[in-house]
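User: Hi! Could you walk me through reading disulfides and a helix pair in a structure like this?

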Amino acid sequence: MRRAIAAALLAAAVALGACGGNDHKTSDTTSSTSTPPPAKTPPADIAPGGGLAIGMTEINPDLFWHGKDVGAFKPWRDRLEALKPPLYRMAVDWASLQPSADGPIDWTKPSDGCMRTLQPCRPYNGIRDTLRAIRSQQKAGNGFATMVVVYGVPDWAAAPAHGCERDDIGARSRPITDQGLEAYKRLVKSLQDLAKREGVAIRWWSPWNEPNGPFFISPQRAKCSGSSKSLAPAVYAKLARAMRAELAPGQQMVVGELAGLVDARKYGTSISEFFDGLPDDVVCNAGVFAQHAYSKRGDAADDPGAVGALEDVLDRRACTRGKPIWVTESGVGGPHVGDERSIKDEKIRADCQALNVTLRRWNKDPRVDAVFQYTFRDDPVFPVGLVDAKLSKAWPAYDLFKAWGGDRKPDGPAPPLPQACKA
């Protein structure tokens, strides 16, 4: 989620039972109890027959508010609605919602609805309006079963600077204090109550976004060396335990949401290292494991990538072996993901073909149940959306995602490559 990483920075400047019988080497983050508490009752499998369900992340609710007069957004709202994504991922920037420790959480914080000042704009009132738009799609029978992911530590809840940090890191990226952890629990409870009032059941809960990257947890290490022990798993474990304590029966933990770092680095923790450092009581109670993975031109059809790295580390413990995986951030754009997009037809068709290769690989993988597009509308900081930021044209990848979504069943056959993606 490097795009959301950059987005967050600019916005700021702007499980089931015990895991017995494995030889996994636990870190000092291990729970004081040898047997993890029982998992919450999991909801039904999103893709019970196998295959691949699609999901969507999109910030502005007027791009998916069914039945509302959304002005100039209407043709684009209709395009998103036609995808009928079974899943929707709602990102909650805690730092922007509660700038004061003594102040309330502002679930109706106004937004101008522009894309980093780019028009067209449609103002909306924060998370409350997002929940209302979700509810409108659910009532229309268009999917939108909801998961939530939190990010952004408020200044008052952040630990002081320490360890190995980039020069551009601020309080919103730092580990949470004990005071902050109690407030984080209240945040989860407050969102539960708000969603209930708005008629939305949030079925999946992810404690923190990209905890193995420096823009969301920093420092990753005490010393500026990739061989120095990662601090991130211990920070994440506290958040995961706090969130789990607030969940109700029928709600499920989504553990991971990792950036696609296959190798360790001084500012980041590899997928393998991060999961090796998590305690049993966190990983054994996860219903779903989440990984971020983007497509780019030249990717080999048999390259397992970040998802393969996650599968390998999950197979090391009995309680995580075979558990379902969701790719909670995906997309394509530019020769390197997040680069400025080319408007040349042959380039954007090549992007679409690269995404198709990845979707087909995940569709064949029995452990990968879902893939979420990030985002519908391009973010200029990380342009991997399905339509451009000015809402003037759809990229060929839109046709591809529509072929995988729409009225297609998640366990249906892989769709043919759309004409818009063909050379």
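User: Are Cys352 and Cys421 buried or exposed?

Analyst: In this predicted model, both Cys352 and Cys421 are buried. To call a residue buried, look for a relative accessible area under 20%. The two cysteines are joined by a disulfide, with an S to S distance of 1.9 Å.

User: What is the handedness of the disulfide between Cys352 and Cys421, and why?

Analyst: Read the torsion about the S-S bond: for Cys352 and Cys421 it is about 50°, so this disulfide is right-handed. Cys352 sits in helix α10 (residues 345-364), while Cys421 belongs to the segment after α11 (396-404), so the bond ties together parts that are 69 residues apart in sequence.

User: How many disulfides does a search of the whole structure find?

Analyst: The search finds 4 disulfides. One of them joins Cys284 to Cys319, at 2.2 Å from S to S. Here the S-S torsion is about -70°, so the disulfide is left-handed. Cys284 lies in the loop between α8 (280-283) and β8 (288-292), and Cys319 in the loop between α9 (305-314) and β9 (325-330), so this pair ties together parts that are 35 residues apart in sequence. Cys284 is buried, with a relative accessible area of 0%, and Cys319 is buried too, at 10%.

User: How far apart are the sulfur atoms of Cys114 and Cys121?

Analyst: They are 2.0 Å apart, and the two residues form a disulfide. Its S-S torsion is about 105°, so the disulfide is right-handed. As for accessibility, Cys114 is partly exposed, with a relative accessible area of 23%, and Cys121 is partly exposed at 27%.

User: Now the helices, please. How are two packed helices described?

Analyst: The description takes the angle between the axes and the distance between the axes. In this structure, the axes of helix α5 (residues 178-197) and helix α6 (residues 232-246) come within 9 Å and cross at roughly 40°. That angle makes α5 oblique to α6. The crossing of α5 and α6 is right-handed.

User: Which residues of α5 and α6 make the contact?

Analyst: From α5 come Leu181, Tyr184, Lys185, Val188, Lys189 and Gln192, and from α6 come Lys238, Leu239, Ala242, Met243 and Glu246.

Methods: Residues are numbered from 1 along each chain as its sequence is written. This is a predicted model: local features need pLDDT of at least 70, side-chain atom pairs count only at pLDDT 80 or more; totals for chains, interfaces and linings use all residues. Side-chain values use heavy atoms; hydrogens and water are left out. A disulfide is a pair of cysteine sulfur atoms within 2.5 Å. Buried means under 20% relative accessible area, exposed over 50%, partly exposed in between (1.4 Å probe, protein chains only). Helices (H or I, at least four residues) and strands (E, at least two) are DSSP runs, numbered from the N terminus. Axes are lines fitted to C-alpha atoms, for helices over the stretch in contact, and angles run from 0 to 180 degrees between N-to-C directions. Angles under 35 degrees count as roughly parallel, over 145 as roughly antiparallel, 65 to 115 as roughly perpendicular and the rest as oblique. A crossing is left-handed if the near helix is turned anticlockwise from the far one by less than a right angle, and right-handed if clockwise. Contact means heavy atoms within 4.5 Å.
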